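Here's a quick briefing to read alongside the model.

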Amino acid sequence: MGHAQFRKDNLFNIRKRSADYLFLLGWLITVEYYAKTGMKKNHRVSLFGYLFDNIVCAMSESIFLVFNKLFAVILICLLVSSAQAIREKEWTTFTKFGAPTATAQGAPLPVVLWHGMGDSCCNPLSLGSIKKFIEKAVPGIYVHSLEIGNGIVEDMENGFFLGIDEQIAMACTKITSDPKLKSGYNSMGFSQGGQFLRAVAQRCPEPPMVNLISFGGQHQGVYGFPRCPGDNSTLCDIMRKLLNLGVYTNFVQKHLVQAQYWNDPLNQQEYKSKSRFLAEINQEKARNATYRRNLMKLKNFVMVMFEDDTMVDPKETEWFAYYTPGQAKVITPLVDSDLYKEDWLGLKQMNEEKRLHFLSSPGNHLQFTDTWLMENIITPFLSNSSASSVKKLLFV
């Protein structure tokens with residue numbers, strides 16, 4: 001390639017990238033503002049910090065082609081210093097109260113949140129808002145909203161395409177490695193996050209989960225998605241196409257999260273033999289005494305069903321009920337199922353001990369008011385829990 005052609009291509013690339021650099025400078029100013037004003041937007045700060053860590057090396061050569069060397073060096077130094085300031089701000093936020101405060105006698109138990117399909121840990125219109133509401137309602141409480149992956153985009157994608165067992169293992173690692181949770185925690189799972197957190201209770205008993213609260217969780221699986229939630233219609237379309245390919249094929253079971261809790265009432269034999277997650281966690285493949293023992297360590301297992309749910313089919317799965325095998329119209333309540341009568345998971349004993357709670361909320365899937373949340377969940381199950389109550393529970 002001749003010098004003239006190289007210069008022409010290089011200038012074209014420079015012009016093509018100029019908008020990116022202007023955007024980068026604008027982002028830098030935004031991040032500096034967050035770092036200096038102490039905004040408590042941990043998910044944004046983490047995203048910015050991650051961006052700057054990777055962008056400095058990847059774009060430094062291109063920056064030299066656009067600006068003179070002196071200005072490029074100044075810009076890179078600003079990026080590095082911004083990333084460092086962000087890390088310091090994150091660390092300050094994380095250690096502001098310190099682990100001893102979270103586990104001190106009488107302090108409110110921490111809460112772990114797990115979002116549903118099409119959502120992410122830190123969406124300000126969903127879990128981000130709930131996190132803030134809990135923190136305001138229970139002063140001094142620590143709330144850990146699980147992020148499955150590196151960043152909110154990957155977190156949302158993993159809700160569709162990362163195997164559930166891998167997600168459970170990742171969640172257990174995050175919970176175990178968080179020092180503020182070491183003395184125990186309450187958990188709140190939303191939609192599929194409900195059955196995922198139940199799996200955490202069954203597989204990862206340390207640190208102890210005290211109260212498990214499931215909002216619209218599909219504990220007996222689903223047999224349809226009339227409405228796919230979230231802002232990404234493309235992911236929903238991909239999910240539907242994969243389900244249509246054959247929900248119990250090895251490829252779909254391996255690559256689609258929702259297939260792993262798909263429960264076909266017309267083909268129970270295939271479901272039990274090929275389901276990668278639900279049949280195993282519900283003791284339908286084999287009886288695992290450890291699962292039963294661990295789940296029964298819960299102080300309370302709360303299941304919330306949404307009365308006008310058009311997202312989950314059938315909605316009664318949110319109360320651990322499901323279609324009677326062989327058809328898809330009549331529902332068998334939990335108490336009439338073999339799972340309950342033979343007590344595969346300890347639910348019968350928990351119910352007899354009044355530790356199993358069936359709540360309902362008017363409205364569609366995951367729709368509830370602040371008042372309902374406060375009166376039915378926060379006051380009875382979060383505000384009255386403390387680290388000292390965990391110690392008493394462990395010796396019962």
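**Rings, sulfurs and a helix**

Arg287 sits over the face of Trp344, 3.8 Å from the ring centre; a charge counts as over a ring if NZ of Lys or CZ of Arg is within 6 Å of the ring centre and within 35 degrees of the ring normal. Keep in mind that this is a predicted model: local features need pLDDT of at least 70, side-chain atom pairs count only at pLDDT 80 or more, and totals for chains, interfaces and linings use all residues. Residues are numbered from 1 along each chain as its sequence is written, and side-chain values use heavy atoms, with hydrogens and water left out.

**Aromatic pairs**

- The count comes to 12 aromatic pairs, where rings of Phe, Tyr and Trp (its six-membered ring) pair if their centres lie within 6.5 Å; planes under 30 degrees apart are stacked, over 60 edge-to-face and the rest tilted.
- Phe196 and Tyr261 make an edge-to-face pair, because their planes are at 70°, with ring centres 6.5 Å apart.
- Phe196 is in helix α8 and Tyr261 in the loop between α10 (250-255) and α11 (268-274), so this pair ties together parts 65 residues apart in sequence; helices (H or I, at least four residues) and strands (E, at least two) are DSSP runs, numbered from the N terminus.
- Both Phe196 and Tyr261 are buried, meaning under 20% relative accessible area, with exposed over 50% and partly exposed in between (1.4 Å probe, protein chains only).
- Phe368 and Trp372 are a tilted pair, at 6.0 Å centre to centre and 40° between the planes.

**Disulfides**

- There are 2 disulfides, each a pair of cysteine sulfur atoms within 2.5 Å.
- Cys121 and Cys122 have their sulfur atoms 2.3 Å apart, and their link is left-handed, with -85° about the S-S bond.
- Cys172 and Cys204 have sulfur atoms 1.9 Å apart, and their link is right-handed at 85°.
- Cys172 lies in helix α7 (residues 164-177) and Cys204 in the loop between α8 and β4 (209-215), so the bond ties together parts 32 residues apart in sequence.

- Helix α8 (residues 192-203) spans 17 Å from first C-alpha to last, close to the 16 Å expected, which is 1.5 Å times one less than its number of residues.
- In α8, 11 of 12 residues are buried, including Arg198 and Gln195.
- Pro108, in the loop between α4 (98-103) and β1 (111-114), counts as buried at 17% relative accessibility.
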